[in-house]
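Take a look at the sequence and the 3D view, then read on.

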Amino acid sequence: MLFTTQALQSEAIWLPINNSDLSKIPTHSYSNTTAEKNAQLNQLCLQKTQAWLTEIGIESSLTFPAAQMDSIWDVVNGCPLTVGNRQLILIPSIKLDRQELSVPQEWVDIPAWMGDYYVAVQIDLDDQTMNIWGYTSHRTLRETGTYNQFNRTYNIDGDLLIPKLDILWMAQLLDLQEIATVPPISTVAMNQSNSEINLLSHFSPYSPRLNVDFNTWATILSDSNLRENLYQRRLRVTKLQAIMAPAISLTNWLQQEFNQALEQGWDLVNNVIMGGELAAVRSGTETPIFHGEKYLVELAKLINLQYQLNETNVVMLIGINPQDLEHVTVSVQIHAMSTVPILPPQLKLSYITNEGEELQSVISRNHDFQIQLPTFTCDLGTAFNIQLQLDGVSQIEKFTA
């Protein structure tokens, strides 16, 4: 029997997270920091959930072979767990609010991946607790939830989740079939799949899941060989990127040499925000870039920080001026895009030396359109880093003055 009323509690489940739990998380290689954090969160979720199920006398197993999970967690959030004759998709999150459950489309619309039920799991690493706080069925999620085309997720309001897990026992007892019909994934030719894998293998600080149409992406993901090929190629590219990516020379910018910057995603401010205005401009606040200060060179870069594969798009702006023959003045700002008109709270922007010492930082508050570091001066030739951090996910831009 899948679940029993004797084993399952009727209310949400709270589980402690001990230091020993964290030490048991295996260290594997992933294509970027976002994927690494996502995998650690999923491994912790899986570890604690299976231990709890074993404790109450319920057997469970990974739906996919354990050796395949790295290639999945490198690009998608979620733990597929088989319990009896039902498949559960655990969706871990470190968000402290319970406004909604957000499930990547892969777990809903790929026939070989979809689950009977989707379980919301909240993990608070500060309080060291894990809370299994509700679930919904595949049918409810797909037919009642909202599909977000931008993020390719199905979202359902937290109030619509069922908090009493013992109802799962009743669903199994009645043999309820709660999986909705989904369209089949069209076959993509092998040469096209290989071509798309070449494209998706390019280095990125986030998952490439949105870089191709869903059918092509689902074809690659649902084939374990294609998915492993993509994973291994992204790992190789990441290792080469770490070795070869040079720090951006601000001196080159002053000399109007921008090839290196363009290769790493930097561009003129107007080019970056074209088609997606800065939030402050669209809202009518007209926040001046660099507070009206005139910088000799101003470049911008779209930064895509992802946590649990939900996009957070912001724009980093760098303004520089030569102070004298040996020094350069630097200003750094982060702006929200109009698609998400405010910055996420607790977004941290830091100025860090090449040795790792944090010299300056600023953290966004609720309803901030932008944040800015205090202007600083560097000796020419000095190496430094600008770091963005959000919910444990970070991106570092390397510079040389």
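## How the strands pair

Two strands count as paired if DSSP finds at least two bridges between them. Helices (H or I, at least four residues) and strands (E, at least two) are DSSP runs, numbered from the N terminus. This is a predicted model, where local features need pLDDT of at least 70, side-chain atom pairs count only at pLDDT 80 or more, and totals for chains, interfaces and linings use all residues. Residues are numbered from 1 along each chain as its sequence is written, and side-chain values use heavy atoms, with hydrogens and water left out.

Strand 3 (residues 79-83) runs antiparallel to strand 4, with 5 bridges linking them. Val 83 sits opposite Arg 86 of strand 4.

## Strand 4 from both sides

Buried means under 20% relative accessible area, exposed over 50%, and partly exposed in between (1.4 Å probe, protein chains only). In strand 4 (residues 86-93), 8 of the 8 residues are buried, so the strand is largely enclosed by the rest of the structure. Arg 86, Leu 88, Leu 90 and Pro 92 point one way, while Gln 87, Ile 89, Ile 91 and Ser 93 point the other.

## The cysteines

A disulfide is a pair of cysteine sulfur atoms within 2.5 Å, and the count here is 0. For Cys 45, the closest cysteine sulfur is in Cys 79, 4.4 Å away, which is too far for a bond. Cys 45 is buried at 0% relative accessibility, and Cys 378 is buried at 2%.
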